[in-house]
Amino acid sequence: MFRSMLEAFKNLFKPVRTHPYPAEDIVLPSGYRGLIEYGIDACIFCDKCEKVCPPGAILFYQHESGEKEYRYNPWLCIYCGECVRACPKPEEALWQSEIKQRPAVVEDGANEGWFAWEEACKKSREEYAAAKKAAKTQNKSEE
Ligand code: SF4
Ligand code: SF4
């Protein structure tokens with residue numbers, strides 16, 4: 001007990017070992033894996049990135065027209081790089097930049113609306129699949 005108290009007291013006068021980020025900026029090490037970036041022109045909308053993302057930080061919304069809309073949540077992302085590894089067009093459609101994210105604790109509204117968006121994406125897929133199925137059935141009955 002006495003030894004641990006003594007150790008704690010001594011530590012009060014030692015230099016701080018941790019970095020007070022985000023109050024003070026940090027120097028990024030080489031090879032730092034930061035925010036995911038997306039290039040819509042190269043994307044083939046295979047959804048592989050969405051499927052492999054552990055926390056669900058990438059979502060595609062399915063529009064009625066057939067187009068898909070990409071969304072990325074940097075506050076959910078754990079920077080694992082799985083999406084980039086799964087992407088058939090790495091460095092063109094998806095890549096891990098050296099841009100660092102500010103912690104969600106200092107951002108107002110981080111994640112706000114994301115879970116509603118997740119529901120909307122799921123619903124849009126279901127509706128799109130149902131509409132395609134209905135159109136197929138109708139085509140068959142007209143043949
Ligand atoms: S880096 Fe990992 S957590 Fe971030 S979007 Fe890609 S797969 Fe998801
Ligand atoms: S894995 Fe790559 S090509 Fe496929 S949807 Fe994601 S970004 Fe687009």
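When neighbours within four places in sequence are left aside, Tyr70 is in contact (heavy atoms within 4.5 Å) with Ile36, Tyr38, Ile58, Leu59, Phe60 and Leu94. The model is a predicted one, in which local features need pLDDT of at least 70 and side-chain atom pairs count only at pLDDT 80 or more, while totals for chains, interfaces and linings use all residues. Residues are numbered from 1 along each chain as its sequence is written, and side-chain values use heavy atoms, with hydrogens and water left out.

Ile36 belongs to strand S1, which covers residues 36-38; strands (E, at least two residues) and helices (H or I, at least four) are DSSP runs numbered from the N terminus. Ile36 counts as buried because its relative accessibility is 6%, where buried means under 20% relative accessible area, computed with a 1.4 Å probe on protein chains only. Beyond four places in sequence, the contacts of Ile36 include Tyr70, Tyr72, Cys77, Cys83 and Leu94.

Ile36, Tyr70, Tyr72, Cys83 and Leu94 are also among the residues with the most contacts inside the largest nonpolar core, which has 23 residues; such a core is a set of buried Ala, Val, Leu, Ile, Met, Phe, Trp, Tyr and Cys residues joined through side-chain atoms within 4.5 Å. Two or more residues of this core come from each of strand S2 (58-62), strand S3 (68-72), helix H3 (82-86) and helix H4 (114-142).

Around ligand 1 there are 13 residues (each with a heavy atom within 4 Å of the ligand), of which Cys53, Cys77, Cys80, Gly81 and Cys83 come nearest.

Terms used
Chains lettered and ligands numbered in written order. Buried < 20%, exposed > 50% of the residue type's maximum accessible area, 1.4 Å probe, protein only.
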